[in-house]
Amino acid sequence: MTCENKATSDVRENLPSALRRLTTADEVESTVGLPASAVMLKQISALDEGCRTVLARCPIAAFGYRDSEGTSRTTFIGGTPGFVRVHSPTRISFSLPEPGDPHGPVSFFFLLPGVGEILRVNGSVAARKGAETTVDIAEAYVHCAQAVLRSRLWQLPAPAESVAPAASAAEFAGDGPLHRPGVAEFLAAAPFLALSTWDGSGGSDTSPRGDRQEVARILDGRTLVVPDRKGNKRADTLHNLLADDRLSFAALVPGRTGVLHVRGRGAITDDPALLETMALRGMPPHLALLIDVEHAEVTGSDAVARSRLWTPGAHVDRGTVPDLMALAGEHLAAGSATAEGGPPAFLLKAVGAIPGMARLLRLVMNCAYRSGLRKEGYEDVEPGAGSRRRGFFVRRRAADDGGTGAGATEKPLRAVRIAELRRETPSAVTLVLEDAGMDLEPFDFRPGQFFTLVADIDGRPVRRAYSASSAPGSARLEVTVKHVEGGRFSTHVHRSLRVGDRLAVRGPSGSFHAGPQLPDAPDAPDALDAPDEIVLVAAGSGVTPMMSMIRTRLAVRQGRDRIALLYSSRSADEIIFADELTRLAKDNPDRLTVTHVLTSLDGRLDADGVRRWVTGLSPARYAHYYTCGPGPLMDAVQGVLTGLGVPDELVHQERYTSGADTQAVAATAPQEMTVEEDGRPVGTVVVEPGQTLLDAGLAAGLPMPYSCTVGNCGDCMVRLRGGEVTQNEPNCLTPQQRADGYVLTCVGCPLSKVTLDIADQ
């Protein structure tokens, strides 16, 4: 046990009731002091151009609010630059995925990766529609860089620190929320948090807190202490707690994509013995916050994961955003214009207009940061180091990422817009997609392959795989989506999407496609003399990849090729592409035959029915067979073809599953994942509760192989070398692949510490 932890342990004997509390504003101000007038003049009541530029470049923000029941919550929102929509200088909106239903006063601070200063915005909820939250702005101002500098937020820890259990997460007394899985370990590694409080007159404040070690330290099973070191003396948090002791915070660990959410009640103490335990080089904080924790939980954060805050190249280009200290100077000049007793506004504007003044101001502020933090006991303070990468969270080999997998960054999505919505049946609709920009590029794929569609639903990206139903090579891609009861994505498509709406696509993916596939056998006929025949069996929406094959072959192939389709539908009005299939068969009688089975009249298509149909066709010896539909039909077709002596290499299957969400039971605590390639370590990361192996690896910049991201294509299949993984079911793994120890990282979640080999596919 370190001396510091020993001192903290000694204090615990008298906690928490024996500690002195500060209960009045006079007590707080006698310790903290009063802010200079210039600090308060930097506050503006509407977003100026500089603020709007920051919001357009900012990928993530801390957000504090209270829900309809008065529960305090702090979370991180965003995921991509410009996630906040600015409707006017006093109104913004954004998506809040969690079902928190914010009411009343709310507060934000916006983080620019690599930048120390923070833009803070306070306001109140004006409207809430689904996940979209609209806020009226009351004030905005620039917060100094001390919290970020103290925490070294943008500098990743050394590998040994980042994944090894922290020594300070020792056992502590008492039952309580801090004993929940992963909480103590997260706190021991978290140097930064966003703390939300509320005053008694309808105001909210979310402020950053940072420290060189743990920013919040455990005293017992339900008590935390947060040092309050010297700052700009606004002391908004402290004054708020005097009026309303309810608070919440969200903590970050550099390199991890999880967030620790805590809520409880706070008090202010100046107890000398407790403060001494948090001293740096003999300098204790002037005050501390005691938090009686009511709830604590570590969860995966979509906003943090998508923001890629700690991946190479994540830091903002300084040339694309204003220097926030210069922006604060502009705000000060604006505030001085209407204030009494402040510095003359014209003088501030004149000084700010001097060439090179912004750079000089930055140098002065960096010196001030360095001097102030050293006086507090911080060593190795380097204000400019926030944009440098000191060490890596992942342990990686020196070789480049050009081998297996996707490299260190996620494959880009292709932005598309809906050009047309075409109703095929009462339960199926075709989306006609084209590039969202001015240049319309063709969609290249093999007939039968699928694309992964990504839509923002209630503030979260939701991904589903759908086969292309159009022929390749066109500037328009068609995918046909059947509505499934309980299917989140299909319901969104059928009820919410309109022409002009935007989506994203990834792909193509999948090995189920029609191409030149003559078997390599000595007695096989010459390719020019072989009848090019395909036999298709589909049920329901399984006809969509078949439609791509049919359209492609009839459009570009001539001669003796034959296509036979056996298509099972529930009823006549549920036959997808009914009219077109009828027309194509009529126009190409020697090339296409279509046989329908209506289960409401004829009963379910079974093995006997498939056998009679196939034998009646008398297909050529080297015909290829393609089947797509639910598992029982696929098994029946496979059994029939095996019984007829059709070689396995001529049979191709595409299993589809219900569009309803089928989430695997994931671990409730963070788990360590080690990635190897041919037995050589590539990296080690922490997989947060609810996060997939793939998402954790990509967020850390590991070269994870993948394509569809929804468990359909198998490109992310890796061998599990150690540990236990649970996966969403069903997926594309075969029984043999499961038996051989393979898992799909895109739908796999760890139940323990795991080791994966990405080269052994």
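The crossing of helices α18 and α19 is right-handed, meaning that the near helix is turned clockwise from the far one by less than a right angle. Before I go on, this is a predicted model, in which local features need pLDDT of at least 70 and side-chain atom pairs count only at pLDDT 80 or more, while totals for chains, interfaces and linings use all residues. Residues are numbered from 1 along each chain as its sequence is written, and side-chain values use heavy atoms, with hydrogens and water left out.

Helix α18, residues 607–617, packs against α19, residues 631–643, at an angle of about 50°, with the axes 9 Å apart. That makes α18 oblique to α19, since angles under 35 degrees count as roughly parallel, over 145 as roughly antiparallel, 65 to 115 as roughly perpendicular and the rest as oblique. Ala607, Val610 and Arg611 in α18 meet Ala636, Val637 and Val640 in α19, where contact means heavy atoms within 4.5 Å.

Turning to the backbone, the peptide bond from glycine 507 to proline 508 is cis, with omega near 10°, and proline 508 lies in strand β21, residues 502–509.

Which phi value does arginine 281 have, given that it is not a glycine? Its phi is positive, about 50°, and arginine 281 sits in the loop between α9 and β15, where it counts as exposed at 57% relative accessibility (exposed is over 50% relative accessible area, with a 1.4 Å probe and protein chains only). Aspartate 678, in the loop between β27 and β28, likewise has a positive phi, near 55°, and counts as exposed at 58% relative accessibility.

Conventions
Axes are lines fitted to C-alpha atoms, for helices over the stretch in contact, and angles run from 0 to 180 degrees between N-to-C directions. Helices (H or I, at least four residues) and strands (E, at least two) are DSSP runs, numbered from the N terminus. Buried means under 20% relative accessible area, exposed over 50%, partly exposed in between (1.4 Å probe, protein chains only).
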